[in-house]
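Dear colleague,

I am passing on the structure below, together with notes on what turned up when I went through it. Please read the notes with the coordinates open beside you.

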Amino acid sequence: MAGVLNLQSRQQETNTNKTKFSIFAGKNNEQYYNAFHSNAGNDYSFLISSSYYKTDGFNLPASFSNPLQRTSSRIRSDNKSFNLFGKGEYRVTSRTKLSITAMFVHSEKGVPFEIDVSNPRFWYYPELKNYTIALNGEHIFKTFAPANLAFTFSRIKQNSVIEQFTDISYSQKDDIELTDDLTYNGKINFTQLIRKNSLLKIGLSGFTSTHKEKFMSDNFTEQTYLHNILSGGIEYEYFTKNFITVAGVGFDFSSTPKTGDKVSKKGISDYAFN
């Protein structure tokens, strides 16, 4: 049912301290470097990881045949990527814990040209950036029956540059696209056990995404697209040894107040009973 989700997070072993380094090299100048460190105590844990990957591309089988492909390595299958990841968790009390996760990715990658088409496109991503941060929490209520509240909130920002070229030489640009995406997402879920044989679930989730784009062919005029979603639901379960009865209600709302140079559409909503 919309809005009712179970959130779980993997936990580290307590009282540990680990550090790892990894190096890998392969064909076509393939390189991979990784550094990892984690530490965990009775009430806390954290880890941080950093990696770098690079390759000039991948090799093609001898059976591959295309008039534009004149090398054994797939044209524009190169890739570079730097990744930084961190996560920390803290147990505030015996019934409350919080965690935060952050990630940064910076990539540069080619896009192999299309095959089996009359007019293939020639693209390249000179820049792809992603910034992510998420906050998670869980609280167990001390009531007449077990109850649990879990939540997660996240922010994701992504920027990209996409270049399109006129031919296989990748020397003359036909167009350039600049994109900027920002997304917020949140979920809250409450679960209550009632009389040992029934369960109440309440959930609410929200999502908003803003996409901005500019094209060289349009004199880099900015267009903005905005999408909002809200979902919620309540569900009651009654169970015995022989059967389970479930009843609930849920609702969803979606709106697109900004649609670039197009006319925006009116928001829509729906609900359901079960």
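Arg76 is partly exposed, with a relative accessible area of 25%, where buried means under 20% relative accessible area, exposed over 50% and partly exposed in between, computed with a 1.4 Å probe on protein chains only. Before going further, please note that this is a predicted model, in which local features need pLDDT of at least 70 and side-chain atom pairs count only at pLDDT 80 or more, while totals for chains, interfaces and linings use all residues. Residues are numbered from 1 along each chain as its sequence is written, and side-chain values use heavy atoms, with hydrogens and water left out.

Arg76 sits in the loop between β3 and β4 (79-93); strands here are DSSP runs of E with at least two residues, helices are runs of H or I with at least four, and both are numbered from the N terminus. The phi of Arg76 is positive, at about 60°, although Arg76 is not a glycine. Most residues other than glycine have a negative phi. Arg76 also forms a salt bridge with Asp78, the closest N and O atoms being 3.6 Å apart, a salt bridge being a side-chain nitrogen of Lys or Arg within 4 Å of a carboxyl oxygen of Asp or Glu. Asp78 counts as buried, at 17% relative accessibility.

A positive phi also occurs at Phe220, where the value is near 55° in a residue other than glycine. Phe220 belongs to the loop between β9 (198-215) and β10 (223-239), and its relative accessibility of 36% makes it partly exposed.

By the rule above, the count comes to eight salt bridges. One of the pairs is Lys157 with Asp180, whose side chains meet at 2.9 Å, N to O. This pair links distant parts of the chain, with Lys157 in strand β7 (residues 147-165) and Asp180 in strand β8 (residues 173-194), 23 residues apart. Lys157 is partly exposed at 22% relative accessible area, and Asp180 is partly exposed at 26%.

Glu237 and Lys201 form a further salt bridge, with 3.6 Å between the closest N and O atoms. Because Glu237 lies in strand β10 and Lys201 in strand β9, the pair ties together parts that are 36 residues apart in sequence. Glu237 counts as buried at 17% relative accessibility, and Lys201 is buried with a relative accessible area of 16%.

What is the nearest side chain of opposite charge to Lys54, which is buried yet has no salt bridge? That side chain is Asp56, 5.1 Å away, where Lys and Arg count as positive and Asp and Glu as negative, and His and the chain ends are not counted. Lys54 is placed in strand β3 (residues 44-55). Leaving aside neighbours within four places in sequence, Lys54 is in contact (heavy atoms within 4.5 Å) with Asn29, Glu30, Gln31, Asn79 and Lys80.

Glu108 counts as partly exposed at 27% relative accessibility, and its contacts, with neighbours within four places in sequence set aside, are Asn79, Lys80, Tyr124, Tyr125 and Pro126. Thr101 is likewise placed in strand β5, but it counts as buried, at 16% relative accessibility. Not counting residues up to four places away in sequence, Thr101 touches Phe85, Gly86, Lys87, Thr132, Ile133 and Ala134.

The largest nonpolar core has six residues, namely Ile75, Phe113, Phe122, Tyr124, Phe165 and Tyr170; such a core is a set of buried Ala, Val, Leu, Ile, Met, Phe, Trp, Tyr and Cys residues joined through side-chain atoms within 4.5 Å. Among the contacts of Tyr170, leaving aside neighbours within four places in sequence, are Arg76, Val111 and Trp123.

As for the chain as a whole, it has zero helices and twelve strands. Its radius of gyration is 25 Å, whereas a compact globule of 274 residues would have a value near 19 Å, the radius being taken over C-alpha atoms and the globule rule being 2.2 Å times the number of residues to the power 0.38. Buried residues make up 32% of the 274 residues.

With best regards
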